[in-house]
Structures are given as structure tokens and as C-alpha cells.
Amino acid sequence: MKLAKNRRHVKAIGVLSIVLFLLVSSSIFFTYTIFNGQLKQQLIDTNMELLGQVEHKLELTLKHIDKSTIQLLKNEDVVRFYNYELNEQGTKNNQIRVSNLITGAIQSMDYIFTIDLYSYDKQRLVSGNILTEKDLSGDFQWVSQFEQYDGFFEWITTRKVMINRSQYPVYRNVVTLVRTYPLIHSAGSRKGAIAVNIKEDSLFGLIQNTAETDEGQTFIVDREGVVVLHLDNGKLGKDISEFPYIGTLLNDPEGSGHFIADVDQTTSSVFYVDAAYTGWHIVRVVPESQFSKPLALFRNGLAVLAVVLFVVATSSAAVIGRWTFKPMNRFAQSMRNRLTDSPKPSMKKYTDEFHYFESTVQDIMDDRNQLHRQVVESKPLLKWRLMSDLLSGQIKNQAMLQPYMDMLNITSFGSRYVVMSVEFDNKGQISSPRDLKLYAYALCNVAEELMNAESQGIAAELDDGKCAVIMSFEDEDDRERHFMRAVAVADLMKEFVQEYLGRTITIGIGEPVEQLGEIRRSYKQSLEALSYKLVMGGNSIITREDITGDPSPQFYKLFGMTDGIMASVKLSDADKMYAQVRKWFESIAEQSVPSEMIMQSVVQCLMKAATAAAEIGVDTEGVFPEQSLVDMLNQYERLEQLEQFTLGALDRLIVRIKEKRSSREKNGVIDKAMQYIQEHYMRSDLSLNLLASEFHISVSHLSKLFKEQKECNFIDYVMEIRMGHAKERLASTEDKIRDIAEQVGYSNVNSFVRIFKKMTGLTPTEYREKARMGG
């Protein structure tokens, strides 16, 4: 009897061991299958996101350089070089002024190496040099190539330019931006071009991954497969399109993606994105050994876990398997422990093993219900995550959207989309951040109810009282109809907030889009529209139609005239601003500008002024009316009324800028630097580098402090000090001009004379004679 019982016991343990082995193995297998795919996708997404950040950072830098280049071409001295024939003295003066502009541009941006201006009409550089055939086939090869180029600007792949012309020349790798003059012109009207040579190593620093453990490499090729940026300088400027993996990404119409290929005889993962601004391809190559390392660790960990679980379960079953159903109870208890972090101690008394098993299963069901409640409570977080992924462009197709729809019980999400950005007005008047958050929560709920009445959509709070609303449409109506329905919903939202919450909101609406991946573009447009709240006023709905400017040359000419007005506003020169605004409106009257363009020009001018004031740190709230600026401007029937309104708004900005500057605290370093300049202005080597070394501060930070406190650059300030002392010596002494030049820090008397005449309008001799005559 006992032997039979032991046999049954052994047999039961054997069968149970096989069952446990199958359960553990299948669990581990399915876990590995599911999570391995997810982990691999996360690694791919991380690398693609990294490339996206690199592309965004590179685009910002190159656009900033391009913007500075355009501003340089608009300078009156550069315009004079291209457009006018000057006499010898005028040419020299023009060369000095343009040279100073170029020097200032190079010093203000560490990325720029050199800047060259060439006139096709005069067949020379701004420095006066006439290019030889050797020059045109070497560093200045772009001159002849760009003369017949169809576009207005071009990014030239990395090339070498000569630093010195000695017997053993030294070269530097640069990437070159070439732009035409004029900026926009008809065929055959090109007068010249500007070439900005950018340091290749500085640009490469933007894409280089500094992590020591990263074995991958990031580089850039152009549309033809020529290397633009690379860690290996030997590959710069070389055509590598012959490599299969390069050919694959060059021929991909999608412009971005990931694949596995042999790179330098090593199996590697290749990630790539297109830089739309330059047309370049940013490529990241990661050896498969590094890419698969997290996957291998995960696989090995699961294998060890499977062995441990099987050994523990089998041992436990063998020890307590004297009773037939004891292993089943042990299994139920083990499963319950894994489904809850802190198992609840049981005070129940069990009559038999079946009673215990029934109680355990009931506990498991209770835990499942609790888990379901937690999932329901986490839906707001899931909705926020969904909104973030949609607005950032990470969700590009229905397959990526479906998991969110399943978890949030969304049956459909439409196939046409409009994004709205909403912000509460006068947030400073809301008593606490908690109240602001409650307002935003209520607004999102109302927005979803209003959208779901006719279409679909989701709304979520982002930060600081801002909400994003995505409205989707199932029907195939035209874009204009979708846009009108979005405006109608926005108007209902605005009315609800004003009536029930006692607040006002401003809503920016983007254009309708037809792809999930394009929601990001509509969101950016809505944010851009919302930014015009500065001049359009609060409690309004702002669309792209309200802010889109007239692209005609007449509009650009009118808008270009506002640069001088902006300069006067920044300098708080009200008299000069009044004169410039009156001249601007006189030009508008003389050219018979259409009323729509006048309104748009005024709005753009005021937006530009408000942005400039905000950059200085001025609070622009209250400068413009609360109602829509466009609606208010449309009430005026005469040009004189528009002029008076513009003068009043700009004058209020100037008053606030003056108040801001009068309350600004002085900086101790700048005070010491000013004193040092006053005491050592006669040193010919006086420079920002010298001051930075003297006061143990970086050159860039000192330059920034100088501009913030003195609102001018270092060179202009030193010239003012030196010219002031030169005037005193010219009026009170008989010293020679050369001696006075050396006394105020100029070793070259010709430079002193040119700068003196530029700042005073007189030569030193003329100034001395005028001073002695009592003038």
C-alpha cells in the first residue's frame, strides 16, 4: 500500500514537473518574443530620434548663419559696393566699412571662417582684389559656377581653402554657403554673390556623439553621395555613392529610415534622415554587435530566470507533494504572489485543499479587478502620451495609433486633421497653478464634447495653461469645409470659457492636413498663429489667413523699410522713430499700396517691434488692445489714423524699454572692464581677448555681458573712447596727427584718420581747425 502510494507520489511529481517545465518555457518564450520586438523597436526609435535632434540642431545653426548673411547683404555699405560706382576714396572708405562688418559677423559666430563678397559687374572682390585664373579654379571656383546658377542660394560640399600662400601652404576644410545679390531678382539681373565659409570641424561638433561607449559613427553626405561631414578628414569631399548602403539611402523616396547592411566588412544598422533645408543626408552607422547588446542581455536574463523558476517550482512541488492537491495550491499561491507586489495575509481557515485553491483564485480575480481600475485611472496619462506622440510626429500611420485607440476605447480617429493651440489670457491673474490646471482640464473636456458631437477628436493639457486640440474628420469634404468646422468649434469653446469660467482664451488654428505624420506641421502652424496674440489681442481666434503676409516684391520692400524703425525702437530714440514712421507712411501713400497689404504691413511691423522688445526683457502685455488688432485696424478709414495708431503703439514700447533699462542692475565685471578701458585705451593690443584674460572670463560671455549692459559691441565702444580723447588732444595740443594716433592706441595713422572721419565727418586736421575757430 505504501509502495503504491509512493509510486503515485513519484508519478504525480513527474507529471507536475513536466507541466511546470512547459508552463515556464512557454511563458519565457512568449515574453521574449513580445518584449524582444518591442525592445528592438525602441532601440531603432531612439537612434532615429537622435538623428532627428541632430538634424534639427544643424538646421537651426545653418539657418542662423543664412539669416546673418541676408542681414549683411541688406547693409547699406554692402548695397553701395554692389550698386554704385565709387571714386577711389569712396571705394577705400567702403572697403573699410564692409571689412568691419565682415569682421564683426565672423567674431559674433564661432562657426564662420571667412566671408567673401564678389561683384560680377566690377569683376572684383570687395577688398579690391582682381581674381586670377588660378584663383577662379581654386578657392574662388564658386564665382564662375554660381554666376549662371538658377537658384538664389546653394550649400557647397566640404572643400579646402588656403590659409596662407607660402611655399608650404596650409589648408582648412570648410562648408560654403553662397547667396546672390540681390536676394531676389529676375534672370540676368544678378550683380554679385557672397560666400560664407563655415568651419567644417565646428559643424561636425554638432553631429558628433561624445559618449565614450558609443561605437557608432555619424556623418553627412549630399544628394550625390559626396561626404560633407565625417570624423575621418580623409573622406571629406569624396564620392562614396558606390558603396551599396549609401546607394540604398540615396534612392529611398521616403527620405528617412533604417536597414541592416555590411559597412567596412562589418554587419551594421544604418539609420538616416534627410535634411530638407540643405538636401543633405544625415547617416548614423552602428555595428550590429553594439546594437544587439541590450537584446542579448535581455535574452540571457530570461534564460537564467527560466532555469531558476523551473528549479524552484520543481523543488517546492517535490517537498510538499505528499498530498495530491498540494502542488496545485502551491502553484496558485505562487501565481497570486506574482500578480501583486504585496500579498495580503490571509486570516481564513480552510476546510480542505479545494477550499484553499478556490480562495486563492478569488484573490487573483480581485487583483485583476484592481488592476483594471488602475488602468482606467491612468487613461488621462495615456491620452497625454498619445497627444505628445501625435504632435511630435512620432505616430505616422494607423498601425502605430491602434494600441492607443484600444487602450482609450476610441473606435475611430478620422482621416483628416486640424490642430488648435489654446491658451488662457492673463494667466498672472489666476490665483494659483492648481486653478489654472483645473481650468485647462475643464476646457479639454468641453472641447472633446463639442468635437464629438459631429466629428472626433482629443484634447489634452500641455503646460502652463496651454492646451492642444486635434480635431479629426471621417468624411472626404474639401479642406476649406474642415477648416470652417474647426473655427466653429473654436468659437463655441471661447464662448463657453467666457460664460461659465469667467475667463478668456486665445486660439491658434493650423491648416487641415491629410496624414497622421503631418499633424506636427498643423501643430506648428497653430503655435505660430497663437504667437500673434502679442499684436492681435487676447480673446480671439487666430488663423493662418490672419498672419500670412503678401509675398509680392512691393510687400518685401515695405517690410524692409521697418528695419530702421526697429533700430530706433531698440535705441529708445522716439524722435527718430517718429520721423521714420512718417516717411514709411508717405512711401505707402505714394505707391498706392492696397489696403489689405497696408494692414498686413502694419501688423507685421508691430509684431516685429513687440518681439524685439520681448527679447530685451520688456513685458509687452497691455501695449496693444485686447480686441483683435486686425479688427481694430479695419475700423480706421484714413491712412493718417493708421499712422497715429502705429506711432502710439511704438511710443508705448519705447517708454517701457526706457523703464526697463533704467531699472537694470549693473554688472560688476562690466564696471571693472569699463574702468580698465578708460585706463588702457592707449594700448594698441586692447581687445576682448585681453579683457577676458584679465578678468578670467570667457570671450563669448564677456561679449554677451557687454552687449546687455552697454547695448553696443566692444569695438564701437573702444572707438568712441579713443575718438573722445583724440578730439581733446587735437583741440588742446600741437602734437602731430601721427603722435596723437599712437597716444590713443592706433599704430597705423591711416587707420586712425579713416575711423576719425567716419565717426565725426571731418579729418583730424579739419577738426583741429574748426575747434580753434570756436566751431
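Predicted model: local features only at pLDDT ≥ 70, side-chain atom pairs only at ≥ 80, totals over all residues.
1. Helices α28 and α31 pack with their axes 8 Å apart and at an angle of about 60 degrees. Here axes are lines fitted to C-alpha atoms, for helices over the stretch in contact, and angles run from 0 to 180 degrees between N-to-C directions. The two helices are therefore oblique to each other; angles under 35 degrees count as roughly parallel, over 145 as roughly antiparallel, 65 to 115 as roughly perpendicular and the rest as oblique.

2. Residues are numbered from 1 along each chain as its sequence is written, and side-chain values use heavy atoms, with hydrogens and water left out.

3. In the packing of the two helices, α28 contributes Lys-727, Arg-729, Leu-730 and Ala-731, which meet Pro-764, Tyr-767, Arg-768, Ala-771 and Arg-772 of α31; contact means heavy atoms within 4.5 Å. The residues of this contact divide into five nonpolar, no polar and four charged. In this scheme Ala, Val, Leu, Ile, Met, Phe, Trp, Tyr, Cys and Pro count as nonpolar, Asp, Glu, Lys and Arg as charged, and the others, Gly among them, as polar.

4. Arg-772 also forms a salt bridge with Glu-734, with the closest N and O atoms 2.8 Å apart; a salt bridge is a side-chain nitrogen of Lys or Arg within 4 Å of a carboxyl oxygen of Asp or Glu. The pair links distant parts of the chain, 38 residues apart: Glu-734 lies in the loop between α28 (714-732) and α29 (737-743), and Arg-772 in helix α31 (residues 764-772). Glu-734 is exposed at 64% relative accessible area, whereas Arg-772 is partly exposed at 45%; buried means under 20%, exposed over 50% and partly exposed in between (1.4 Å probe, protein chains only).

5. By the same rule the count comes to twelve salt bridges. One of them joins Lys-92 to Glu-88, where the closest N and O atoms are 3.7 Å apart. Because they stand four residues apart in helix α3 (residues 88-108), Lys-92 and Glu-88 are separated by about one helical turn. Lys-92 is partly exposed, at 41%, and Glu-88 is exposed, at 59%.

6. Arg-683 and Asp-685 form another salt bridge, with the closest N and O atoms 2.9 Å apart. Both partners are partly exposed: Arg-683 has a relative accessibility of 29%, and Asp-685 has a relative accessible area of 42%.

7. Gly-414 is found in the loop between α13 (398-408) and β11 (416-424). With a relative accessibility of 11%, Gly-414 counts as buried. Leaving aside its neighbours within four places in sequence, Gly-414 is in contact with Gln-456, Ser-472, Phe-473 and Glu-474. Gly-457 lies 43 residues from Gly-414 along the chain, and their C-alpha atoms are separated by 8.5 Å.

8. Over the whole protein chain there are 31 helices and 15 strands. Helices (H or I, at least four residues) and strands (E, at least two) are DSSP runs, numbered from the N terminus. Of the 775 residues, 41% are buried. Among contacts between residues at least 6 apart in sequence, 64% join residues at least 24 apart.
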